[in-house]
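Please look over the model shown next.

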Amino acid sequence: MDHDHGIDKKVHREHLGATKDAHASHGGLGIYLAVFVALCILTLISFLVGNSQVLRENAPQVMWAAMMAVSVAKALLVMLFFMHLKWEANWKYVLTVPASMMSLFLVLMLVPDIGRRTRNYSDDRWLYSAEPKVEDKKHQDADHLHPPAKSGEGH
Amino acid sequence: MSEHAHAHDDHGHGHIKLQYQRSLPIPNGKLCLWLFLSTEIMFFAGLIGAYIVLRFGAPEGTWPLPHDVHLIEWVGAMNTFVLICSSVTIVLSYEAAKFNQSSLSRFWLALTLVLGTVFIGVKGFEYKSKFAHGIYPSTPHSLIYEKADIYYVQAVRQKLAAHKAGLDAKVAAEEKLTEDEEDRLKVVNQLTDYTKWTESIAALDNDPLKRRAAMERLAMSVYPLFRGHDSHLPPDQKHELFTKMMKDELSAVEREGFTVNESLKKIAGDRANVAKEAENLTEQIKQLNEQKSKLPAAPAAGATGASEGNGTTFVALQDQPNPAAQIDMQIADATAKLGEKTKELGKFDEQILPLDNRLKAITARTQVQPILEHAHGGLNEHYDWLKLPMKIPSGNMWASTYFLMTGFHAIHVAVGLLAFVLILPKTLDATKAHIIENVGLYWHFVDLVWIFLFPLLYLF
């Protein structure tokens, strides 16, 4: 009756301490510095790409994809190293994988009804829109006239 | 993977042996925080996902460019850098605490707090700049209109009327207007004329393209937006484009003014002739009346009969044509002619009135041109007191999503700062390191959200 039946509290209190990260505690500071520099460089890349007028005019999708890739890379760096997930056990996948799947799914499911809503507009509906309908970009090239600039010039 | 507690020997007492098995190899606090972070992921994924869909679902070319809504990309980039630094410092604080370096840990924690405050400060500065330009999350403060239609023009006129009412009230109160206010009154009056000019085209012109063009010109005067290739011209070239557009309208207007003036002159000339004739007739009638009054008294018998026969050519055989009757006939004749002339004059006046109004409007339009041409960056930029409604397509959608997302993020940052403040007084040794770990996890999540928000809002 003197000894505990189950929980050895003292033992568990030790386990309640900070996560042991054998890999990162030594030389951990070096890793953090490296990650910091990498984050700064990635931010700079993202900023330069986003401000590139060449890309914006010619291939905006490439620009967006590049910026999203940079963002994902930065997020991974923060999550793996600063939030220590690299050294955590498999429970990290339980949390992150379903959440990521749901986020992606959410966006994809909104695309047909909300993202592509203007593709089903009738001509009447286009009359009430803020800007007139822009014709397909494919028809614009050097041989054809550019559509008039949206500066409100009358005919 | 679960870790076992030390197994207890069976002492043969027949007790039920219970072992405490941990489900995850992490402390409860950390587990709870990660669960909370997963809800936060869902929260922000919902908002960011919705923003992505709305922004890319907006009709081609309608989503405001960062410049249009006073988003300055490098300020956002600087904020990103600040937050990255604060992520590093909180990690360093945790590491120091793990190795029992509590004062160093506190130093890094304090630095994190400072950096977080800088982030909030910069955000506040950005918000203030948006509010100063009339960009609010929603009406009534928001000055953003989606399109330049007749309601927009009406809103502009009402805002100008409100300005004018304020200034007029001051005049009515017998107070002297300052020079500044005098100038403002002038500007307000001329802009009101220009708005009415736009409204008359928008309401009356038969050509729908002309109607739309007129309203778009007003919107461009208030807050110019440039799309496509024009959007990254330097400001003075953009202003050149705008000025050229207004000058084109002005030359067409002046040509019309010239024509109207010519017509007016011609009609006025004709009217003057007719008026002269009318004057002559009036003079004639006056003279005839005088003549009549000078006549001797008419003989009693036949005169009455003949003089009552107005307009008849019947002449009593035994009577001479009665001079009074003759005069009366002439008077009647002249009066009839005068009536006709007066009618003609009336017709001329009918023609003149609309032309006159048109000329007044054209003159007003001509007079407002210098104001429009000198307002670099638009009227709202040049006269920061004007705060006229402005047209930014998808502007309200942009403002709602921007303020919602950055607002929620800022609230999360503020909560993090509060947590730092609460921990700072503690002795941050190895026994407390787990607190810093958890707060650090939250802070890193806040940084993560910003990593996605920055390109989506500022760069896309």
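Which side chain meets that of Lys30(B) in a salt bridge? The partner is Glu437(B), at 2.9 Å from N to O.

## Basis

This is a predicted model: local features need pLDDT of at least 70, side-chain atom pairs count only at pLDDT 80 or more, and totals for chains, interfaces and linings use all residues. Residues are numbered from 1 along each chain as its sequence is written, chains are lettered from A and ligands numbered from 1 in the order in which they are written, and side-chain values use heavy atoms, with hydrogens and water left out.

## A buried pair and its network

A salt bridge here is a side-chain nitrogen of Lys or Arg within 4 Å of a carboxyl oxygen of Asp or Glu. Over all chains, the count comes to 24 salt bridges. Side chains of opposite charge can pair when their charged atoms come close.

The Lys30(B)–Glu437(B) pair links distant parts of the chain, 407 residues apart. Lys30(B) sits in helix α1 of chain B, and Glu437(B) in helix α12 (residues 433–459) of chain B. Helices are DSSP runs (H or I, at least four residues), numbered from the N terminus. Lys30(B) is buried, at 2% relative accessible area. Glu437(B) is buried too, at 8%. The cut-offs are under 20% for buried, over 50% for exposed and in between for partly exposed (1.4 Å probe, protein chains only). A network of salt bridges links Glu88(A), Lys30(B) and Glu437(B).

## Pairs within one helix

Lys164(B) and Asp168(B) form a salt bridge at 3.5 Å, N to O. Both lie in helix α4 (residues 150–172) of chain B, four residues apart, about one turn of the helix. Lys164(B) is partly exposed at 28%. Asp168(B) is partly exposed at 30%.

Lys265(B) and Glu262(B) also meet in a salt bridge, at 3.5 Å, N to O. They are three residues apart in helix α7 (residues 235–294) of chain B, so about one helical turn separates them. Lys265(B) is exposed at 53%, while Glu262(B) is partly exposed at 37%.

## A helix contact between chains

Helix α6 (residues 91–115) of chain A meets helix α1 (residues 28–57) of chain B: their axes come within 9 Å and cross at roughly 20 degrees. Axes are lines fitted to C-alpha atoms over the stretch in contact, with angles from 0 to 180 degrees between N-to-C directions. α6(A) and α1(B) are therefore roughly parallel (angles under 35 degrees).

Technical notes: Helices (H or I, at least four residues) and strands (E, at least two) are DSSP runs, numbered from the N terminus. Angles under 35 degrees count as roughly parallel, over 145 as roughly antiparallel, 65 to 115 as roughly perpendicular and the rest as oblique.
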